[in-house]
Amino acid sequence: MWEDLAKQMREGAGYLDIHLSDEQLWKYQQFFEMLVEKNKVMNLTAITEERDVVTKHFLDSLSVVRVLPELGREKELSIIDVGTGAGFPGIPLKIAFPSYKFLLLDSLNKRVNFLQEVCTALALDQVRCVHGRAENLGREKSCREGFDICVSRAVADLSVLAEYCMPFVKVGGSFISYKSRNVEEEVKGAQGAIKLLGGSLRSIDTFCLPGTDIQRSLVVIAKEKHIHPRYPRRAGVPSKEPL
């Protein structure tokens, strides 16, 4: 019910020091309904119960504010969500921070079409929904080192994700990888790739989602210098031959 979702979102977002208006809460409700309805004919998510969608998708997406204090304080930010899938974390972040520019990138056109429907229905402006591969888009002048922040909940090793994502980040910006488990060993194994790509590890924030014992980690990588022209390598190479 609308009241249950609104209450859960308001409480969970409040825990993250995000204060949502009634209009924003309505948009989360509409997004939930569109997600569940589309999921009947298209595989978007295995999580469909309202309470679980709020916790494991919406609040999980918003949890990045823990490591990005500038969200909500800076007037203008450009954010790219690489491998957005059903719109996470991009859509929940856009609803919470409507003034920021977003690019939602996914390799499956059906998902991109769904995201465009969501943006239209929820009147979300300054959002580009793009069908493509990160390895290709990361070489385009309009996107290369063109974003303040890159976020990704995509399931891939950090060394692979770094090659997908770091080419999009401006020097001085950040790439944040959402992880669902202990990540120390994975981060250790990706240090060489991160350095090659012009970055350095800033922090690892491990926490539990609001009101649960579900553990999450946010890996924050700072972009310190311009990326070498050879990266990203051609499509398919990063996943087969990680740096």
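Which element gives the largest share of the lining of the largest pocket? Helix 3 does, with 3 residues.

Some housekeeping. This is a predicted model, where local features need pLDDT of at least 70, side-chain atom pairs count only at pLDDT 80 or more, and totals for chains, interfaces and linings use all residues. Residues are numbered from 1 along each chain as its sequence is written, and side-chain values use heavy atoms, with hydrogens and water left out.

Pockets, then. On a 1 Å grid over the protein atoms alone, a pocket is an open set of points where a 1.4 Å probe fits, with protein on both sides within 12 Å along at least five of seven lines; lining residues have an atom within 4 Å of a point. Volume is the space filled by probe spheres set on the points, which are joined across faces, edges and corners. Helices (H or I, at least four residues) and strands (E, at least two) are DSSP runs, numbered from the N terminus.

The largest pocket has a volume of about 610 Å³. Its lining has 25 residues, and closest to the centre are His57, Gly83, Arg153, Ala154 and Val155. Helix 3 (50–62) and strand 5 (169–179) each supply at least two lining residues.

The second largest pocket comes to about 240 Å³. Of its 15 lining residues, Val82, Gly83, Ser107, Ala154 and Tyr164 lie nearest the centre. Here the largest share, 3 residues, is from helix 7. Strand 2 (101–106), helix 6 (134–137) and helix 7 (158–165) each give at least two.
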